[in-house]
Amino acid sequence: MIVWLNGTFGAGKTTTAQELLDLLPGSTLYDPELLGSGLRLMLPAKRFEEIDDYQDLPAWRRMVVDTAAALLTEVPGPLVTPMTLLRQEYRDEIFGALAARRIPVRHVLLHAEETILRARMAHREETPDAPGAQASIRRWSLEHLAPYADALPWLRGDAHVVDTTRLTPRQAAEQVAEAVRTGAGTCDIVQTPEPTAETLAAGVLLFDDQDRVLLVDPTYKAGWEFPGGVVERGEAPAQAGVREVAEELGIELPRALRLLVLDWEAPHPPAFGGLRLLYDGGTLSHDRISKLQLPGAELRDWRFVTESEAETMLPPVRWNRLRWALRARERGCPLYLEAGAPLG
């Protein structure tokens, strides 16, 4: 298990984590910030000039998961992880990958009001062996107050909140320990196994009466997606699309789905790629749309969007697949793609 202590700078994550080690038998401190420091030593300096934060590195996000899994082969756990995580798509990627490894996460938000946070930052003591370093840390901390405020709505909905405003680190740790014992902050995420080879996946495009396409927001990976999923062994791809739509949205579709595109997705390590099919699931009536259901452990939200809106929401590989699928739908003829580009 991982007890992820979230919160902005000054919320008391580090001091609470240290106290928590005494309260959770077998617990070990796991600080992913060390992975960021290691990557800074190993990667070219130019790579860091391209990003604002080491959390923007896909390598860091993957290492967080891989290192946690490795540590739990050496220690009983839980791993106590004091780490600010404000971008929901990074939360989805990391927590989803942990769920795929069967590593449960208890997400706890240590919160304090901005006036308290500013006061704590102002009174941080200087480090004797690094004079002036605290001024830089203080500036960095203050710059993250606005992003924290922006992230609060989803953080409150996802994590168990402990208000540290009037608590000592020990008192905060006692509240976190009690929350862990009672199951508070449990992240119920579908345990989707990580692929070990190329996969075959079937997606389904569903439309409203304005010809907008339905996208869904998974809890277990970053970004928006089409309804659908991996085709199971021995399963027909169209049948897999029908099954996934029924499981994800509670919508029963006819078996005879019309193929729009067959796209070969190139492998980009650590992803293996494979064949991706998109089918036309037809137009949903207002009545069927009103009855859409979401499995909380798998999908967070759904939205009908225009083609131009989809371009801002989908990663390039999915966007290219969608735009050619829409062209195929207009022409009434399926298209074969390789890496998102039509051939023939």
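**Note on the predicted model: pocket, sheet and burial**

1. Among the contributors to the lining of the second largest pocket, H1 gives the most, with 6 residues. H1 covers 13-23, and helix H2 (33-42), helix H6 (114-122), helix H7 (133-143) and helix H9 (169-182) also supply at least two lining residues each. Helices (H or I, at least four residues) and strands (E, at least two) are DSSP runs, numbered from the N terminus.

2. This is a predicted model, in which local features need pLDDT of at least 70 and side-chain atom pairs count only at pLDDT 80 or more, while totals for chains, interfaces and linings use all residues. Residues are numbered from 1 along each chain as its sequence is written, and side-chain values use heavy atoms, with hydrogens and water left out.

3. The second largest pocket has a volume of about 1400 Å³. Its lining comprises 47 residues, and Phe9, Lys13, Glu33, Thr84 and Trp140 lie nearest the centre. By class, the lining holds 19 nonpolar, 17 polar and 11 charged residues (Ala, Val, Leu, Ile, Met, Phe, Trp, Tyr, Cys and Pro are nonpolar; Asp, Glu, Lys and Arg are charged; the others, Gly among them, are polar). A pocket is an open set of points on a 1 Å grid over the protein atoms alone, where a 1.4 Å probe fits, with protein on both sides within 12 Å along at least five of seven lines; lining residues have an atom within 4 Å of a point. Points are joined across faces, edges and corners, and the volume is the space filled by probe spheres set on them.

4. Across the protein there are 13 helices and 13 strands. The C-alpha atoms fill a box of roughly 70 × 45 × 40 Å along the principal axes. Of the 344 residues, 46% count as buried (under 20% relative accessible area; exposed is over 50%, partly exposed in between; 1.4 Å probe, protein chains only). Of the contacts (heavy atoms within 4.5 Å) with a separation of 6 or more, 74% join residues 24 or more positions apart.

5. An open sheet of 5 strands has the order E2-E3-E1-E4-E5, with parallel pairing; two strands pair if DSSP finds at least two bridges between them. Strand E2 (28-29) and strand E5 (160-163) are the edges, each pairing on one side only. E2 pairs with strand E3 (residues 79-82) over 2 bridges, and Thr28 has Leu79 in E3 as its bridge partner.

6. Strand E1 (residues 2-6) is mostly covered, with 5 of its 5 residues buried. Ile2, Trp4 and Asn6 lie on one side, Val3 and Leu5 on the other, and both faces are covered. E1 runs parallel to strand E4 (residues 105-111), joined by 5 bridges, and Leu5 stands opposite Val108 in E4. Towards E3, E1 pairs in the parallel sense over 4 bridges, and Val3 has Val80 as its bridge partner.

7. Leu98 sits in helix H5 (residues 88-100) and counts as buried because its relative accessibility is 0%. Beyond its neighbours within four places in sequence, Leu98 is in contact with Ile2, Val65, Ala68, Ile103 and Val105. Leu98 and Thr199 are 101 residues apart in sequence and 20 Å apart in space, C-alpha to C-alpha.

8. The disulfide count is 0, where a disulfide is a pair of cysteine sulfur atoms within 2.5 Å. Cys187 counts as buried because its relative accessibility is 13%, whereas Cys333, at 42%, counts as partly exposed.
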